[in-house]
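Trainee: Could we go through the aromatic rings and the nonpolar core of this model together?

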Amino acid sequence: MVPIPAGVFTMGTDEPVIKQDGEGPGRRVHIGHFFMDRYEVSNAEFEKFVNATGYVTEAEKFGDSFVFEGMLSEEVKNGIHQAVAVAPWWLPVKGANWKHPEGPDSGILNRLDHPVLHVSWNDAVAFCTWSGKRLPTEAEWEYSCRGGLENRLFPWGNKLHPNGQHYANIWQGEFPTSNTEEDGYKGTAPVTAFPPNGYGLYNIVGNAWEWTSDWWEINHSADETYSPKGPPKGSDRVKKGGSYMCHKSYCYRYRCAARSQNTPDSSASNLGFRCAADSLPDYLK
């Protein structure tokens with residue numbers, strides 16, 4: 001974990017790109033000192049948790065999870081006859097879970113250092129509790145994402161490719177049919193890939209969506225706030241950061257101010273998390 005200093009920042013933006021997501025207005029938010037995982041929780045870390053506790057994820061209990069069709073083998077794809085109407089590239093795959101990210105014929109042995117996927121909000125909370133941590137609030141997550149920069153699109157600034165360099169694992173090419181993999185990855189990348197932001201956080205945008213603790217809402221007050229925690233109840237939880245599937249033409253959500261939501265029991269092949277903590281757990285001191 002890395003220490004995140006207390007401070008004040010502008011959360012959200014007065015120039016929302018996806019207005020229906022509640023990206024605005026920009027508002028002053030005070031954040032206290034806390035700690036944030038340097039990396040997204042990896043398959044190796046999640047495996048330790050499962051081995052220690054016997055935990056069974058919700059995707060495993062349900063028997064299926066959503067997978068991007070471009071990652072599936074033809075054999076698995078041929079056995080599926082339904083899709084998400086508004087996003088036909090999302091397919092419900094029987095046997096897809098954190099151990100088998102693209103279904104029964106896939107595994108994680110060659111990507112133990114990649115972010116764990118198919119983890120619901122409830123699963124993420126269970127891991128955080130076991131590790132003596134918690135999920136970050138949306139405000140903490142966004143403050144951390146900005147890395148000390150004010151009103152910038154990305155954790156590193158406003159240019160997507162400064163000096164021609166890739167700083168995040170997102171989609172290149174034409175979504176959803178052609179990924180040129182210019183950043184070196186078709187799916188997820190190792191949690192250590194790409195340069196860290198100003199606070200030393202890796203892959204805070206792109207790679208895998210990350211759960212936060214907040215309930216979802218889209219109508220925000222412009223008033224100054226102190227360590228906001230979101231509304232007291234809701235139906236969906238906030239996720240931040242975008243994923244390897246994000247492209248400006250369809251899901252321009254690898255920006256610090258961008259946001260999206262899922263029900264707490266949702267899981268997918270681009271959804272993971274990282275933890276926060278008020279103080280370092282004893283085993284990390």
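**Aromatic rings and core**

Mentor: A search of the whole structure finds 22 aromatic pairs, where rings of Phe, Tyr and Trp (its six-membered ring) pair if their centres lie within 6.5 Å, with planes under 30 degrees apart counted as stacked, over 60 as edge-to-face and the rest as tilted. One of them is the edge-to-face pair of Trp171 and Phe175, at 4.9 Å centre to centre and 80° between the planes. This is a predicted model, in which local features need pLDDT of at least 70 and side-chain atom pairs count only at pLDDT 80 or more, while totals for chains, interfaces and linings use all residues. Residues are numbered from 1 along each chain as its sequence is written, and side-chain values use heavy atoms, leaving out hydrogens and water.

Trainee: Is Trp171 buried or exposed?

Mentor: Trp171 is buried, with a relative accessible area of 5%, where buried means under 20%, exposed over 50% and partly exposed in between (1.4 Å probe, protein chains only). Phe175 also counts as buried, at 12% relative accessibility.

Trainee: Which residues form one aromatic cluster?

Mentor: Phe46, Phe49, Tyr55, Trp98, Phe127, Trp130 and Phe273 do.

Trainee: Switching to the core, which residues have the most contacts inside the largest one?

Mentor: They are Ile4, Met36, Phe46, Val205 and Phe273, in a core of 53 residues; a nonpolar core is a set of buried Ala, Val, Leu, Ile, Met, Phe, Trp, Tyr and Cys residues joined through side-chain atoms within 4.5 Å. A second, separate core has 7 residues, including Leu72, Val76, Leu91 and Val93.
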